[in-house]
Amino acid sequence: MRPDELPPLNVTVEGLARLEGWDLRPEQLPRHVAIIMDGNGRWAQQRGLPRVMGHRRGVRSVRAIVEEGVRLGLEQVTLYCLSVENWKRPAREVRFLMRLLRHFLVAERAELMERNVRLTTIGRRDGLPPEVLAEIDRTVAETAGNTGMVLRLAINYGGRAEILDAARRIAEEARDGRLDPATLDEDAFAAYLETGGAADPDLLIRTAGELRVSNFLLWQVSYTELWVTDKFWPDFRGDDLLRACADYALRTRKFGGLPASSLAAGTPAG
């Protein structure tokens, strides 16, 4: 479906006022925003605090971005919460992250329901504490009927692991005669990913100034617009999301081709 064929975003009255202040129109917004939430530990260390305090403060940013996303009518927000590599961190920090995640799921459940947000997760369940899995499953189940923004948490997630797992399932189905490899195309392959063929991110935001994708949504971000800020995640708020959206609105997305204006003018390919 072409961008001009997509339904309009469900921007709230408050969201329309916010957009007007940034000289933006709803049709200029990304529909799916993915965020690598980086810099929690450095934020804390700069203030002489334990690293875990940065993670605690970062929850405020999650709440702010969910609220802003709902106001703007975004269809999906995907947050990189815990990578498969994060288990290499000190055990105390990992235990704190698990407690913080469980607390977030419990504390924000009513807010997600009130804002009509549907929670989903991607990532391997192996290794996650049973009490965390229980709260994930409960929140996913309770919000399953919500029809607003999808909040997708990437927990114990890695892009390479996701692609590898998909390849294994495809190989098993082909071995068992349930799949003809000749029929496999990009759309069919995407359906085996944990995102289940959902729309790819339009915009990928990374905080703390790092210029890499860190094994996040490797298949899905092939043509995603990137936006990096030096601001640490605990300081990231709704205005920062709008600033990223304003920059996104200035981009020309070609997806490997040429914009219509260039084609009309007879610009040579290359």
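Q: Which elements each supply at least two residues of the lining of the largest cavity?
A: In this predicted model, local features need pLDDT of at least 70 and side-chain atom pairs pLDDT 80 or more, while totals for chains, interfaces and linings use all residues. Residues are numbered from 1 along each chain as its sequence is written, and side-chain values use heavy atoms, without hydrogens and water. Helices are DSSP runs of H or I with at least four residues, strands runs of E with at least two, numbered from the N terminus. The two suppliers are α3 and α5 (109–114).

Q: Which element gives the largest share of that cavity's lining?
A: A cavity is a set of points, on a 1 Å grid over the protein atoms alone, where a 1.4 Å probe fits but cannot get out, and lining residues have an atom within 4 Å of a point. Here the lining consists of R63, V66, E67, F104, E108, E111, L112, R115 and L151. The largest share is 3 residues, and they come from α3.

Q: How many residues in the lining of the largest cavity are charged?
A: Asp, Glu, Lys and Arg count as charged, Ala, Val, Leu, Ile, Met, Phe, Trp, Tyr, Cys and Pro as nonpolar, and the others, Gly among them, as polar. The lining has 4 nonpolar residues and no polar ones. Its charged residues number 5.

Q: What is the volume of the largest cavity?
A: The count of cavities of 30 Å³ or more comes to 1. A volume is the space filled by probe spheres set on the points, which are joined across faces, edges and corners. For the largest cavity, that gives about 60 Å³.

Q: How are α3 and α4 oriented to each other?
A: Axes are lines fitted to C-alpha atoms over the stretch in contact, with angles from 0 to 180 degrees between N-to-C directions. The α3 and α4 axes come within 10 Å and cross at roughly 25 degrees. Angles under 35 degrees count as roughly parallel, over 145 as roughly antiparallel, 65 to 115 as roughly perpendicular and the rest as oblique. The two helices are therefore roughly parallel.

Q: Which residues of α4 make the contact with α3?
A: Contact means heavy atoms within 4.5 Å. On the α3 side, R51, V52, H55, R56, V59 and V62 take part. The residues of this contact divide into 7 nonpolar, 1 polar and 4 charged. The α4 partners are R92, E93, F96, L97, L100 and F104.

Q: How are α3 and α9 oriented to each other?
A: Helix α9 covers residues 238–249, and its axis lies 8 Å from that of α3, at an angle of about 50 degrees. From α3, I65, E68, G69 and L72 meet G238, L241 and L242 in α9. The angle makes this pair oblique.

Q: Which residues lie nearest the centre of the second largest pocket?
A: A pocket is an open set of points with protein on both sides within 12 Å along at least five of seven lines. This one has a volume of about 720 Å³. Its lining has 30 residues, and nearest the centre are M37, N40, Y80, C81 and L82.
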